[in-house]
Amino acid sequence: MRYTRLGSTGLKVSRVCLGMMSYGDPAQWEWLLDEQAAEPLVRRAVEAGVTFFDTADMYARGISEEITGRLLRRLLPRRDDYVLATKVHFPMGSGPNDGGLSRKHILSGIDSSLRRLGVDHVDLYQIHRWDDATPIEETMEVLHDVVRSGKARYIGASSMFAWQFAKAQHVAETHGWTKFVSMQNHYNLAYREEEREMIPLCLDQGVGCIPWSPLARGLLAGTRERDGTSLSVRAGSDQIAGQLYGDADFDVVDAVREVARERGLPPARIALAWLLRKPVISAPIIGATKLNHLDDAIAAVEVSLGEEEVARLEAPYRPHPVLGHS
């Protein structure tokens, strides 16, 4: 495993971040793994040198955080040996204040997350989405208070428009509050709209990107065919994938498969290697429900693509509407 700084901070993270969204209660979604099934995957990640783990309060209605906390305590008992990230925003109940980015919900959210995780702090506390109903000044001030209280070491954001992210950073800088150090955005070979504004902004400001869905919900790994055939349990029940990716994206999939075939490597390694070579990327967030998913991600760190291969992979791309902000 290789390590890098998260953006311009001094925090070191593994080049692969293990996303914990796939671990929860299988009764909720059939592709979720319970704690017993998840442990071999997290163990393999730890043995390979992965030190960065990302979850969220809303994943499996909090169960993901509980599983994450228990597994990390067993496999990495020294708290300083791993970087733990979670997120806040989506509703965690039916009440009017059970979601969003208000002072009330964020202060309640961080305490609830710490309780489920079984730790006294997270290393990275992220806003899961933008909240139009809450003034950004209120959100940035309370996030600063969370850091000052010691409950989080850094703060990050997730999918939003570049102007929103710039506004939040400006508000924090103007008031002397803590600024975001990371952006967890929707970015992969099949969805590159972030290259227009968000990624240049992050590069300019020293913000590290930790993209979600780096394999386009399995599309780039070959879990779906152009005729609609699904080759995995997740692909067969994933309603969101159909909203994010369409027929034209299979031209990108074909290019990935062609380069992978020439290299004698799985397509997932090629798609991740493309992402890892981008200077703004600190660590893609990898979802793994099988050991080979994890092995491909770890091996991708050592795959170096040539300029001609990169050009072939990027050539079929077609513009998309903005997707993934809701």
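Reader: Hi! What order do the strands of the open sheet have, and is the pairing parallel or antiparallel?
Author: Hello! In this predicted model, the open sheet has eight strands in the order β9-β8-β7-β6-β5-β4-β3-β10, and the pairing is parallel.

Reader: Thanks! And which are the edge strands?
Author: Those are β9, residues 208-209, and β10, residues 285-287. Each of them pairs on one side only.

Reader: How many bridges join β8 to β9?
Author: Two bridges join them, with β8 covering residues 180-184. As an example, Ser-182 has Gly-208 in β9 as its bridge partner.

Reader: Nice. Which strands does helix α4 lie across?
Author: Helix α4, residues 136-148, lies across β6 (122-127), β7 (152-158) and β8. The helix runs at about 150° to β7.

Reader: Switching topic: which residues touch the most other members in the largest nonpolar core?
Author: That core has 93 residues, and the ones touching the most other members are Leu-18, Tyr-23, Val-42, Phe-53, Met-140, Phe-165 and Leu-220. Helix α10, residues 267-276, gives the most to this core, with eight residues.

Reader: Okay, and what does Phe-53 touch?
Author: Leaving aside residues up to four places away in sequence, Phe-53 touches Cys-17, Leu-18, Met-20, Val-42, Val-46, Leu-72, Leu-76, Tyr-82, Val-83, Leu-84 and Ala-85. There is also a second, separate core of 12 residues, which includes Leu-6, Phe-52, Ala-85 and Ile-210.

Reader: Is Cys-202 buried or exposed? And Cys-17, buried or exposed?
Author: Cys-202 is buried, with a relative accessible area of 1%. Cys-17 is buried as well, at 0% relative accessibility.

Reader: One more: where is Thr-51 found?
Author: Thr-51 sits in the loop between α1 (35-47) and β4 (52-54).

Reader: Why does Thr-51 count as buried?
Author: Because its relative accessibility is 17%, and buried means under 20%.

Reader: Then what does Thr-51 touch?
Author: Not counting residues up to four places away in sequence, Thr-51 touches Tyr-3, Val-13, Ser-14, Asp-81, Tyr-82 and Val-83.

Terms used
Residues are numbered from 1 along each chain as its sequence is written. This is a predicted model: local features need pLDDT of at least 70, side-chain atom pairs count only at pLDDT 80 or more; totals for chains, interfaces and linings use all residues. Side-chain values use heavy atoms; hydrogens and water are left out. Two strands pair if DSSP finds at least two bridges between them. Helices (H or I, at least four residues) and strands (E, at least two) are DSSP runs, numbered from the N terminus. Contact means heavy atoms within 4.5 Å. Axes are lines fitted to C-alpha atoms, for helices over the stretch in contact, and angles run from 0 to 180 degrees between N-to-C directions. A nonpolar core is a set of buried Ala, Val, Leu, Ile, Met, Phe, Trp, Tyr and Cys residues joined through side-chain atoms within 4.5 Å. Buried means under 20% relative accessible area, exposed over 50%, partly exposed in between (1.4 Å probe, protein chains only).
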